[in-house]
Amino acid sequence: MAKLQTLYLFSYNFLQFLGWTLALFRILSNFISTKSVTGAYASAGELICLLQCCAFLEVIHGAIGIVPSGVVLPLMQWSGRTHFLLAIVRQIVEVQESPSVFITFSAWSSSEVIRYSHYALSCIGSPPYLITYLRYTAFILLYPVGVGPGEIWLMYQALPFIKTRNLYADTLPFSYYNFVKVLLLLYPLLWLKLYLHLFKQRRSKLGKYHKTKKT
């Protein structure tokens, strides 16, 4: 059973690594060929939507205890990203060519290539120190870049379109426009909680590595 679990986790993380690598390749190839940041969604948006939806498995992994991540923080990150992607970016064509999409997708893809490669290698042994270091260091830059000029700025840009179309009025019992405005106010606080958690992980993981190396 333990071997099957390890094989499953390796396969899942390796496939996510391949998917995000392809997404990053498409984004950068489009940027190089067009010398423009407006084609990020057209080049990789649907793939990223698929990868993000599949990432709900990580919430399940934590819930059933096959990984030690727990449920709350993975669910917060998954729901925030999925809402941003499916409810806003995918539905509002006018914002899909915003530079904020390029910023967000580039930051997400870069961080996920590192994260999933680290997870996959951890399933079959000890990852190289460089991968471990990047896993617990690259977020310091990539996370705030993806959230600030990426997610938050794009949601702000989407507000006029949400209001004009009265988006989701026929399916939600509340104003989605007001919901997004409140979410924009809460986003920095929710983001800070996750960001500080990552620093805590960094101290723990890199600290353990250095202690093991000394002994």
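This is a predicted model: local features need pLDDT of at least 70, side-chain atom pairs count only at pLDDT 80 or more; totals for chains, interfaces and linings use all residues.

Visitor: Over residues 136-156, how far apart are the end C-alpha atoms?
Guide: For residues 6-25, the chain is 100% helix and 0% strand, with the end C-alpha atoms 28 Å apart. Residues 136-156 are 86% helix and 0% strand. For 136-156 the separation of the end C-alpha atoms is 30 Å.

Visitor: Is Phe 84 buried or exposed?
Guide: Phe 84 sits in helix H4, which covers residues 72-89. Setting aside residues up to four places away in sequence, Phe 84 touches Val 89, Thr 104, Trp 108, Glu 151, Leu 154 and Met 155. Buried means under 20% relative accessible area. Phe 84 has 0% relative accessibility, so the residue counts as buried.

Visitor: What is the handedness of the crossing of H5 and H7?
Guide: The axes of helix H5 (residues 99-124) and helix H7 (residues 139-165) come within 8 Å, crossing at roughly 145°. The crossing of these two helices is left-handed.

Visitor: How many residues in the contact of H5 with H7 are nonpolar, polar and charged?
Guide: On the H5 side, the contact includes Ile 103, Thr 104, Ala 107 and Trp 108. H7 contributes, among others, Gly 150, Glu 151, Trp 153 and Leu 154. By class, the contact has one charged, seven polar and nine nonpolar residues.

Conventions:
Residues are numbered from 1 along each chain as its sequence is written. Side-chain values use heavy atoms; hydrogens and water are left out. Helices (H or I, at least four residues) and strands (E, at least two) are DSSP runs, numbered from the N terminus. Buried means under 20% relative accessible area, exposed over 50%, partly exposed in between (1.4 Å probe, protein chains only). Contact means heavy atoms within 4.5 Å. Axes are lines fitted to C-alpha atoms, for helices over the stretch in contact, and angles run from 0 to 180 degrees between N-to-C directions. A crossing is left-handed if the near helix is turned anticlockwise from the far one by less than a right angle, and right-handed if clockwise. Ala, Val, Leu, Ile, Met, Phe, Trp, Tyr, Cys and Pro count as nonpolar, Asp, Glu, Lys and Arg as charged, and the others, Gly among them, as polar.
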